Amino acid sequence: MDRHEPLRTIFHEKDGQARQHILDTVAVELPVTDTEARVAEVCGYAFDLATELPFRAELVRLDDDEHVLVLVLHHIVSDGWSMLPLARDMSSAYTARLAGERPRWETLSAQYADYALWQREHPLDEQLAHWKSTLDGLPERIELPIDRPYPAEASYDSGAVRFTWEPEVRESLVALARETGVSVFMVLHAAVAVTLSRMGAGEDIALGTPTAGRTDEALDDLVGFFVNTLVLRTDLSGNPSFVELVRRVRETDLAAYANQDVPFEQVVDEVRPVRSLAHNPLFQVMIALQDIASPDIALPGLDVEVVSGQPDAAKFDLSFILAEDETGVTGSVEYRTDVFDHATVEDIAARLGTVIKAVLADPSMKIADLDLIDAAERQQLAEWNSTRVDFPGATLPELFEAQAAATPD
C-alpha cells in the first residue's frame, strides 16, 4: 500500500467535484476469521470512498493448513491489469519478509496521479471530434429479444450462460483473421453483431469494448484504473457478406483504437445521448476478448490457487466475455435478470455458435442467408405450423341434423 498510491487514496467532494486525497501513511489491517461465509461478504463490501480506503484484505481460515486470502479493490483504483503488478509485488514482499528483509522493489517511474494530470493537460479535441462525428445519430437503444419491459431503473442483478467452442473452431477463427488481415477480436465482433442483427437488433449496432488504456510502458507496473470503454458502431446495412462486414469492422475498430484516450464519460458528455436509469448510454451490449494473463502469486512454502470473486452485478444488458487459446474458445454471456430469462440468453449464446460455425465454413456468405434455425427447431416449427385436421365427409345439412339429434335441447 506504501508502493501504490491509489490503494491509500480517499475521494471526497469539494464544490460539486470529486477530489482525490492521497494519504501519506496508512494502518494496514488484516482481520483473520474462521467463517467461510466471510469470503462472499468481503467480496460484496460497499466502500464509503470519502472516508475509507478503497482496498480491503481479510484472511479466512478454513482449516489448519488451508486459508483464503480475500483482496478487494474498488474499481475506482484498479482494473484487471492491476492484478498482475499487485500479485507480483505481494509475492516479492512476502518472500522478503520470510527472510527478515524489506522488499527490494525497483522505484516506480510514475504514479497514478501523474497519469491523471497528463490526461487533464493533454489536448483531446481531435479525438473528441471523431467520437462526436462517429456516434452522431446513434439509436438510443438497440432492440434486443428481452423477456420483460425495461424497468424504470436497472436492478443490476445478473446471471450468466457459459459455453465452449472446439479447438477446430478456434483454428478456423485464427485462419480467417490471418487471411483477412484482421484480429480474432474483429471476427468475433462481426459475429456478435450479425447474431444480434438477425435476432431483431437492426442494422446499426453499437457494441462497447474495454481497452487497457496503458499506452506507455511506464504504466504497466502500476495499480490503478486505466481501462477505458470504446464504442464500436457497426454498420450491417446493404446485406454484406461476412468477409465484407469484417472489413468494415476492421476500419471501425482501428479508428476507435486511434482515439482511445478520451474517457468514456467525456464521450458521453460530448455526444449527449438520451440518458436513462434503465440502460447504459450509447451501447447496451459489451464484447471483450480476455487477453490478460492470470495473476501469478508465488508464496514460498505455500500452494497457491488464484480464484476470482465476481460481484453479482450486470453492468450492461448483455456482455459477451470470450477467451481463446490452443484448447479452444471459452465464453460467457452475462445478462440482466430484470429483462432476460436464462433460457433466452442460452438461445442467444447458441445462435452465436451457429453463426460462427456457418461463417467460418463459408466467409463469403451474405449475412441475410445465414440460417439460425437448427434441425430440432425446424422440426418444432413444422409441428407448430401444421394445420391439418381430419374432418368427416358429410355435407353441412347432414352434420347439422346429426348435431341437432345429439343435442335437441
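Helices (H or I, at least four residues) and strands (E, at least two) are DSSP runs, numbered from the N terminus. By that scheme, Val304 is found in the loop between strand S9 (285–289) and strand S10 (318–325).

This is a predicted model, in which local features need pLDDT of at least 70, side-chain atom pairs count only at pLDDT 80 or more, and totals for chains, interfaces and linings use all residues. Residues are numbered from 1 along each chain as its sequence is written, and side-chain values use heavy atoms, with hydrogens and water left out.

**Surface patches**

Patches are made of residues with over 30% relative accessible area and no salt bridge; like charges are joined within 9 Å, nonpolar side chains (Val, Leu, Ile, Met, Phe, Trp, Tyr) within 5 Å. A salt bridge is a side-chain nitrogen of Lys or Arg within 4 Å of a carboxyl oxygen of Asp or Glu. Areas come from the Shrake-Rupley method with a 1.4 Å probe.

Val304 belongs to a nonpolar surface patch with Tyr94, Leu98, Leu302 and Val306. Together they have about 420 Å² of accessible area.

A patch of negative charge also lies on the surface. Its residues are Glu36, Asp63, Asp64, Asp65 and Glu66. Asp65 sits in the loop between strand S4 (55–63) and strand S5 (66–73).

**Burial**

Buried means under 20% relative accessible area, exposed over 50%, and partly exposed in between.

| Residue | Relative accessible area | Class |
|---|---|---|
| Asp65 | 68% | exposed |
| Val304 | 39% | partly exposed |
| Tyr112 | 18% | buried |
| Tyr115 | 11% | buried |
| Phe226 | 2% | buried |

**Aromatic pairs**

Rings of Phe, Tyr and Trp (its six-membered ring) pair if their centres lie within 6.5 Å; planes under 30 degrees apart count as stacked, over 60 as edge-to-face and the rest as tilted. The whole structure holds eight such pairs. One of them joins Tyr112 and Tyr115: it is tilted, at 5.6 Å centre to centre and 50 degrees between the planes. Both residues lie in helix H3 (residues 112–121), three residues apart, about one turn of the helix.

Tyr112 also pairs with Phe226. Their ring centres are 5.0 Å apart and their planes at 70 degrees, so this pair is edge-to-face. Phe226 lies in the loop between strand S7 (204–211) and strand S8 (228–235) and Tyr112 in helix H3, so the pair ties together parts 114 residues apart in sequence. Ring pairs link Tyr112, Tyr115, Trp118 and Phe226 into a cluster.

Key. Lys and Arg count as positive and Asp and Glu as negative; His and the chain ends are not counted. The place of a charge is taken as NZ of Lys, CZ of Arg, CG of Asp or CD of Glu. Buried means under 20% relative accessible area, exposed over 50%, partly exposed in between (1.4 Å probe, protein chains only).
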